[in-house]
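Please read the numbered points with the sequence and the model side by side.

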Amino acid sequence: MQLEYQSQIQKVISTLKEDLPTLFERDISYDIYTQDIYFQDPINKYTGKFQYRIVYWTLRFHAKAFFKKINFDLHDVHQSTEDTIVAKWTVRGNLRFPWKAEILFDGYSNYKLTPEALIFEHIDTWESKPKEILRQFLPKNS
C-alpha cells in the first residue's frame, strides 16, 4: 500500500513538473486532482474541478490577451511531508502596453493529497502583495 502511495506521488510530481512550465500555453492534466479540488490564491477561492479548469483557462486567456511574452519558471517540486507537495516558481512577463511594463513575482504552491495521493487542495502563496504586483503594470513615472 505504501509503495503504491509513493508511486502515485511520483506520478503527481512528474505531472506537475511537466504541466506547470507551460500552463500559460496549454491546458494541464486534471487526472491528479479530486472532483472537489479546492483552490486558493491571494485573490481567488474556488471549489470543484470545473472551477479549477476555469482558473487555468483564464490564466491562458489573460496571458495571450495582455502579454507579449510570459513565463512560468518552475524552480522546484518536492514532497515536503507525507501528504504535501510544494512547487516553487516565478512568473515573469512583458505586457502589451505602449509603455515598457514587465511583471515579475515569486511564489509557491502547496498541494495537499488524499490517502490515494490525489490533490484535493491547491493553495498558492505569492511573495509580493497583489497591489505590488499590479503596480508593475503602471508606467514607471506613475
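1. Strands β3 (67-81) and β4 (residues 84-95) are joined by twelve bridges and run antiparallel. Within this pairing, K69 has N94 in β4 as its bridge partner. Two strands are taken to pair if DSSP finds at least two bridges between them. Strands (E, at least two residues) and helices (H or I, at least four) are DSSP runs, numbered from the N terminus.

2. The model is a predicted one, in which local features need pLDDT of at least 70 and side-chain atom pairs count only at pLDDT 80 or more, while totals for chains, interfaces and linings use all residues. Residues are numbered from 1 along each chain as its sequence is written, and side-chain values use heavy atoms, with hydrogens and water left out.

3. The six strands form an open sheet in the order β2-β1-β6-β5-β4-β3, and the pairing is mixed. β2 and β3 are the edge strands, each pairing on one side only. From one strand to the next, the twist averages 20°; axes here are lines fitted to C-alpha atoms, for helices over the stretch in contact, and angles between N-to-C directions run from 0 to 180 degrees. In general, strands of a sheet pair through backbone hydrogen bonds, either parallel or antiparallel.

4. Strand β1 (residues 33-40) runs parallel to strand β6 (residues 119-126), and four bridges join the two. β1 is also joined to strand β2 (residues 45-47), by three bridges and in the antiparallel sense. β1 and β2 make a hairpin with four residues between them. Which residues are the bridge partners of F39? In β6 the partner is H122, and in β2 the partner is Y46.

5. Helix α1 (residues 2-19) lies across β1, β3, β4, β5 and β6, and runs at about 165° to β3. The 18 residues of α1 reach 26 Å from first C-alpha to last, close to the 26 Å expected at 1.5 Å a residue; the expected span is 1.5 Å times one less than the number of residues.

6. The buried residues of α1 are Y5, Q8, I9, V12, I13, T15, L16 and D19. Their directions fall within an arc of 160° seen down the axis, so they line one face of the helix; the arc is that of the directions from the helix axis to the C-beta atoms. On the other side of α1, L3 and E18 are exposed. Buried means under 20% relative accessible area, exposed over 50%, and partly exposed in between (1.4 Å probe, protein chains only). The cover over the buried residues of α1 includes β1, β3, β4, β5 and β6, where contact means heavy atoms within 4.5 Å.

7. Helix α2 (residues 49-66) lies across β1, β2, β3, β4, β5 and β6, at about 55° to β1. The end C-alpha atoms of α2 are 26 Å apart, in agreement with the 26 Å that its 18 residues should span at 1.5 Å a residue. In α2, the buried residues are K49, Y52, V55, Y56, R60 and A63. They cover an arc of only 125° around the axis, which puts them on the same side of α2. These buried residues pack against β1, β2, β3, β5 (102-113) and β6.

8. The aromatic pairs come to 13. Rings of Phe, Tyr and Trp (its six-membered ring) pair if their centres lie within 6.5 Å; planes under 30 degrees apart count as stacked, over 60 as edge-to-face and the rest as tilted. Y33 and Y52 form a tilted pair, 4.8 Å centre to centre with 55° between the planes. Y33 lies in strand β1 and Y52 in helix α2, so the pair ties together parts that are 19 residues apart in sequence. Both Y33 and Y52 are buried.

9. F97 and W99 also form a tilted pair, with 4.9 Å between centres and 40° between planes. F97 counts as partly exposed at 23% relative accessibility, and W99 counts as partly exposed at 33%. Elsewhere, ring pairs link F24, F72, W89, F105 and W126 into a cluster.

10. Residues up to four places away in sequence not counted, T114 touches Y5, T34 and F120.
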